[in-house]
Each structure stands twice: as C-alpha cells, then as structure tokens.
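The sequence and the structure should be kept in view while reading.

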Amino acid sequence: MTSPPLANLNSASMGSPFWNRLTETMPRAQLDKLHLQRVQALAHYAYENTPFYRKKFDNAGLKPSDIRSLDDLKRKVPITDKSEIIELQQQRPPYGDTLALPMDFVAHHCETSGTTGLPLAIPYSTYDSVRYGESWVYGFWGLGIRPSDTLYFAFGWGNFAGFWSAYWGARRLGCRVISGGGLDTKGHIEAILRMKPTVLISTPTFALRIAAVAAEMGVDLSKSSIKFTYHAGEPGPTALPGMRDQIEKAWGAKAGELLGIAEVDAMAPGCPLGDGVHVNEMNLYSWSMDPTSQDEVPDGEIGENIVTGYGNTAQPLLNYRTHDLVRRRSSCACGRTWSKLEGSVLGRTDFMVTVRGTNVYQTAVENILNEVEGISMHYELVLTHEEGNDAMTVRFEPEASIDPASWQQLASNAGDRIHKALHVRLKVVPVAPKSLPRFELKTKRIIDQRPKELRRALDR
Ligand SMILES: [Zn+2]
C-alpha cells in the first residue's frame, strides 16, 4: 500500500529550509512593490468599511488615494494606538467602530490577556485565521517541524490569541494536535509521557515550570519524545539566550519562538539562526519609529515597531503602535529577505524607565539576570517613583540549592553586573524560593507601583 500524499506539500519542499522559498527570499524591491499595492488596498478597505478609519483619515485631510508610496504611509497616515480601539469598544461593545465586516463573518473572538486596564476584543474572520496560522507555519518549518510531528499544547484554551493561532498553524501544516487543555502541570507531564508528542507548544516560562515539576517527580524530560519546543507570549529563547539554554537542556530539544501581537498577527516567526525573528512580510508591513518625534528610525538603530496588517480583515489596523522596541536589519545569513528584528523585542516603550538619566529596558535587565548563576527564572522588576524619579528594584528567587547565607552576595553580584553593563545602580533584593507568583500564560515581570498618571497602556 502506498502512503497517502501529504495534504499541503509537494515532496520537493520537504528538504527545503524554507516553507515558501519564493516569498521568504523575495528581493526587497519586489517585496516593497507588493507592500505598496497591499497598503493601498487596505487603506481603501479600512476607509470604506470602518467609521473609525473614515474619521481618522478625514480628520487628517487624507484620502486613501493620497497614499502613493510607502513613505506616504509613514508620513501621512495617522498612527493608531490600542487605547483608541479599547475606548471605541467600550462605547459600543464588543468591537465598536473598528469592525469592517458584518458580525456574521466573525468566526472567532479573542482578547488580550491584559494584567492591567481593560481587555482588547479581537475579532477574526475565517480568512484571517488561515492567514494568521500561516505565520506560525513559517516559524515551525524554519525550526525543523514537519507534518509528521505531533504538537502538544500546554495551554488552557482561554481567549489568548497566541496559541489559538498556533493551532490554526498546526492545521495548515498538517500536524497532529494533542490538547493539554485544563490539566495541571503534573497532568501535562503524564500526558506527554503517555502520548509521546514531538513538539511542546507553551510560553517559555511554562516550559521551564513543567521541567522543574518533572524533576521533582523524578522524570527527566530530556529523555522524553519532545524534539522541539515552540514559544510565544513573552520574551523567550531569542530575546533571552540564557533561557534558551535552560529550555533546550531541560527538554533535550531545539527551542524556537515567534513574536506575535494578538490583534495583528503571529507576525514575526523566529529565524532558524536563533538570534532574531523575521517579520512575515506577506502578512504585514512594518517600520521603526522614534516614539517621541514619530520620525522613521533607520535600520540598525532602536525604534518602535509600527505595523500595518493585511491579514486582519475583521479589524484592520494601519500604522499601529506595538510599543515594542526593536532593532531592524535588512539582511540575514539564513537567506530570508524579510526584515529581521535582532534579539526579537529589546524592550517596551512603556517599560523603559529613566533611572538617574539612564534609559533602562526590561529585557536588558532580564538578559543579565539570566546569566547570573544561582538566580532562578523567578524574578520581578518593581517600578516606583521616588523624589521625582523613576526607580526599578529587582526582586529575585535564588535557586533552591543556594545557601540563604549567600543570597545577599548573589544580589550584590547581580547589582554589579547590571551596573557594569547598563551604567546604572538598581536595588537587587533576594526573596525566598517559591515566594513569587507562578503563571501558566504570560509571566508578570513588571510590577508598576508608580502613580497612575505616570503609567501608559502596558498591555499587549
Ligand atoms: Zn534569518
């Protein structure tokens, strides 16, 4: 008996490092030509179908036909911020004046998993979900995941778009899916041992949490069936190389990551080289902006990622602020021509605090903490405002094996390393192991205790 053909593939692509060589290696001029056509079509679509964009364009004295170049998009089309959409949704729930399709076409509803403020409601059409899933496939494929793999979702199927879209991607690629659903951590471990999936889908911190619980149970997951782990939802293996080492060692697997924004797309699948993510330029156009002047920032410099998505027909977004700080490169040794964001997200515009004149980014501090031996992955950064200045305190749990008599020494080592690397002294405080909260989805790292008026919309 011959085996049935793989639904989505021709056999020639199986050995390719690219899911779609044509799109992933398209020359820049050709990509930009396509972008312009898509941006123009999207501007017309959003203007004609949403009161939100009609008003926004009219207020700016702009017609969709005025966009004749990508520079026009950057300079003329007003920036859209999440807070505007949330406000409209509050006025007229669930989607306000931003919905571009009749409600009948909305096939799926998600919300941002916000920890502060109001949630953002996100509608998807069936078409949107297919395009969204495709972004995951680019990342899965680049890491080495193939249709013969089985994906285990350590995810409770709430309203978090990240792993619903990963599921859409798994269907597109043709993998087998096993849902961990509402199991507890121990239950996940037992399910993995019993059903032998080859890929773990989870947040990066939850992958480490599962591994830690397995170790307590006397189970060595590095000897399990898992060959790959794939992550989203919070800074992971690309942004934090120390975390990648921990995950890969604990699971005996190759770890990959994707940068997604729930209301936009699973927009930037990981580069196989592991040092950044590539913007899926079939699904969106993105550029870097100085968050203060709103001018374009050239490649190689840090700026805020601004995105225009072609895949969200239900709730279109043009020049949308991500509040993510990125460093963009136009080429990569892996051969992809899609914009590369080195180290994924380097920080958040909202999580940047200026401590005694120095800009301190969350990710920069996390990178250092990940490198200090004896500091566990359980830590939080507490923002306060003292005598007119922002301040950041690092609270961390030492590894359980560290003698409490050495905790203070560990804290001052970490403080010294932060000072050396970032030229700023932060307060570093050890707390007892297992005293900080644990999270299944996004780990809350930032505890913002500054007065309300000093905070901005923190959630993604
Ligand atoms: Zn690359």
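**A guided reading of the model**

Proline 94 is placed in the loop between α5 (82-91) and β1 (108-111). The model described here is a predicted one. The peptide bond that joins proline 93 to proline 94 is cis, with omega at about 0°.

Although tryptophan 157 is not a glycine, its phi is positive, at about 55°. The residue belongs to the loop between β3 (150-153) and α7 (161-173). Its relative accessible area is 22%, so tryptophan 157 is classed as partly exposed, the class that begins where buried, meaning under 20%, ends. Lysine 434 likewise is a residue other than glycine with a positive phi, in this case near 70°. The loop between β19 and β20 holds lysine 434, and this residue counts as exposed because its relative accessibility is 63%.

With a relative accessible area of 40%, glycine 174 is partly exposed. Between glycine 174 and alanine 253 there are 79 residues of separation in sequence and 21 Å in space, taken from C-alpha to C-alpha.

The reader may next turn to a pair of helices. Helix α9 (residues 204-217) packs against helix α10 (residues 241-251) at an angle of about 40°, and the two axes are 10 Å apart. How are these helices oriented to each other? At this angle, α9 and α10 are oblique, since an angle counts as roughly parallel only under 35 degrees. The crossing in which α9 passes α10 is left-handed.

The zinc ion comes next. Which residues of the protein supply its donors? They are Cys271 (SG), His278 (NE2), Cys332 (SG) and Cys334 (SG), at 2.1 to 2.3 Å from the zinc ion. The angles subtended by these four donor atoms run from 104 to 117°, and the arrangement is therefore tetrahedral. For four tetrahedral donors, the ideal angle at a metal is 109.5 degrees. Along the chain, the zinc donors follow the spacing C-x6-H-x53-C-x1-C. Cysteine 271 sits in the loop between β8 (265-269) and β9 (276-278), and cysteine 332 in the loop between β12 (320-329) and β13 (340-342), so this pair ties together parts that are 61 residues apart in sequence. Are these two cysteines buried or exposed? Cysteine 271 is buried, because its relative accessible area is 6%, and cysteine 332 is counted as buried at 14% relative accessibility.

The strands between these parts of the chain can now be followed. Strand β10 (residues 284-289) pairs with β11 in the antiparallel sense, over six bridges. Within this pairing, tryptophan 287 has isoleucine 306 of β11 as its bridge partner. Strand β11 (residues 302-309) is mostly covered, with seven of its eight residues buried. β11 is also joined to β12 by five bridges, and these two strands run antiparallel. There, glycine 303 has valine 326 of β12 as its bridge partner. In general, the strands of a sheet pair through backbone hydrogen bonds, in either a parallel or an antiparallel way.

Strand β10 also contains serine 286, which is counted as buried because its relative accessibility is 9%. From serine 286 to glutamate 399, the separation is 113 residues in sequence and 40 Å in space, C-alpha to C-alpha.

Finally, the chain includes an open sheet of four strands in the order β19-β18-β17-β20, with mixed pairing. Its edges are β19 (427-430) and β20 (446-448); each has a single partner strand, so one side of each is left without a neighbour in the sheet. From one strand to the next, the twist averages 25°. Which strand does β17 pair with in the parallel sense? Strand β17 (residues 375-386) pairs in this way with β20, over three bridges. Isoleucine 446, in β20, is the bridge partner of leucine 381.

Definitions and conventions
Residues numbered from 1 in each chain as written. Predicted model: local features only at pLDDT ≥ 70, side-chain atom pairs only at ≥ 80, totals over all residues. Heavy atoms only, no water. Donors = N, O, S within 2.8 Å, 3.2 Å for Na, K, Ca; no water. Tetrahedral: all angles 85-135°; square planar, octahedral: opposite > 155°, others 65-115°. Buried < 20%, exposed > 50% of the residue type's maximum accessible area, 1.4 Å probe, protein only. Pairing = 2+ DSSP bridges. Axes fitted to C-alpha atoms, helices over the stretch in contact; angles between N-to-C directions. Parallel < 35°, antiparallel > 145°, perpendicular 65-115°, else oblique. Left-handed = near helix turned anticlockwise from the far one by under 90°.
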